Amino acid sequence: MSTRRAISVTQKSASFIRKGDPLLVKESFPKELHFEEGEVVSLVDPQGQFVANAYLAIQNKGLGWIYSYHKEEAFDQTFFIQQFHTALARRQALLDDEMTTAFRLFNAEGDGIPGVTIDLYDSYAVFSWYSKGVYRYQAELIEAFKQVFPFVTGIYEKNRYQSDDQAASDFVEGQQAPEPLYVKENGVMYATYLDEGWMTGIFLDQRHVRQAIMERYASGKSVLNTFSYTGAFSVAAAMGGAAHTTSVDVANRSLEKTKEQFVVNGIDPDTQLIRVMDVFDYIQYAKRKSLAFDLIVVDPPSFARTKKRTFSVVKDYSKMVEDLIDISADDAIFVCSSNAANYKRDKFKADIEKAFKNKEVGCRILEEHRLPEDFPAPAASQTSQYLKVFIIQKTK
Ligand code: SAH
């Protein structure tokens, strides 16, 4: 069976891997590596002792992934079927929940097959491939998937790695989904589009945060949703009884997409404000008008470049919260979120607290969220647990 190469990793890397960190990076290897995309190898420590099996791939994050600590384990359909069964069992409660029809079915390294995630939208699956190396196993992975998830009626894929010959999004097989495809999350409807670039209209990892807003924080409040995309947080707030919502996003598409999310929930979009503009300009405008919101959502992308400025979340988040404090009401609640893997939880928290301190107001953390249960991450992984959300109240 095994003609795979044995490759040495450094002592330090062997120790990280043995602690459960599945990511391989350039520094994991004592010398430059030459490999075929997706090549399966056995890793050994400098003493020649077996460490783990991995596949090698040039990817956004690093140079490959550990997939098994068992020497004989192959990266093949039998292995994929086992991982899919475990993932399915973990999600039984979500599968049984009729109020939620979109969530993550399979979360890459957290579910045992690094480099590929699979999201369920009603009866359709969306695969995201994070390297050419893992894409090499596309056919076997899809075959294994169909055996374990026979209720899935159609498959789409997103190619999230650099490639000249692959589209960002593709229909793969089965039935095509209607456009839009309506999904439910905690009873709220969202219109999704499974074949429009990388994004579908909703970020599934924020389910519990949308629920928190809807059930605990929105009622009677005036809500500002910055970087609103399709307005999912605004819709959750409106469904939770918000008095009013304002959604701000610089992308032209956000206007129609946000209106649509309100309409599918029976809310007249003309009763809500949707602003297509730069958040930074909006904040200046809101300051001039002395607006004061009760609930403010701040979930920017890691980097944003508009004609006027570049925003880097790690550098600029704290200042942005300061600016938003200026347009917040007494006792306002902030939903502060970042999905940047390089922005560590403790630094993020400290940056938020610093903003309140600089503005000479107090703050109190009401809730903290990380990735939800359908996005499991290996505990020892440095980069997998990317999502951080603090729901925090301004105090006197
Ligand atoms: N919070 C959203 C997802 C945000 S995605 C949700 O949970 O659904 C990031 C969004 O930020 C994109 O829609 C992008 O158009 C928008 N964006 C990026 N830079 C911006 C800027 N300077 N001002 C306003 N919107 C911006």
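Guide: Domain 2 and domain 3 bury about 1,200 Å² between them, and carbon and sulfur atoms give 60% of that area. Buried area here is the accessible area, taken with a 1.4 Å probe, that two parts lose on being put together, summed over both. On the domain 2 side, R104, E109 and E185 supply 41% of the area buried against domain 3, more than any other three residues.

This is a predicted model, in which local features need pLDDT of at least 70 and side-chain atom pairs count only at pLDDT 80 or more, while totals for chains, interfaces and linings use all residues. Residues are numbered from 1 along each chain as its sequence is written, and side-chain values use heavy atoms, with hydrogens and water left out.

The chain is divided into domain 1 (6-68), domain 2 (77-185) and domain 3 (203-395), with bounds from an automatic or database domain assignment. Between domain 2 and domain 3, the C-alpha centres are 28 Å apart. Their contact (heavy atoms within 4.5 Å) involves 17 residues of domain 2 and 12 residues of domain 3.

The count of salt bridges between domain 2 and domain 3 is 1; the term requires a side-chain nitrogen of Lys or Arg within 4 Å of a carboxyl oxygen of Asp or Glu. R210 and E185 form a salt bridge through their side chains, at 2.7 Å from N to O. E185 is also one of the three residues named above for the area that domain 2 buries against domain 3.

An unreviewed UniProt entry lists residues 159-337 as "domain: S-adenosylmethionine-dependent methyltransferase"; such positions are given in the numbering used here, feature names are shortened, and annotations may be inferred rather than shown by experiment. Over residues 159-337 the chain is 30% helix and 30% strand, with the end C-alpha atoms 25 Å apart. Helices (H or I, at least four residues) and strands (E, at least two) are DSSP runs, numbered from the N terminus.

As for covalent links, the structure holds 0 disulfides, a disulfide being a pair of cysteine sulfur atoms within 2.5 Å. The sulfur of C336 has its closest cysteine sulfur in C363, 9.2 Å away, which is too far for a bond. C336 is buried, at a relative accessible area of 0%, whereas C363 is partly exposed at 29%. Buried means under 20% relative accessible area, exposed over 50%, and partly exposed in between (1.4 Å probe, protein chains only).
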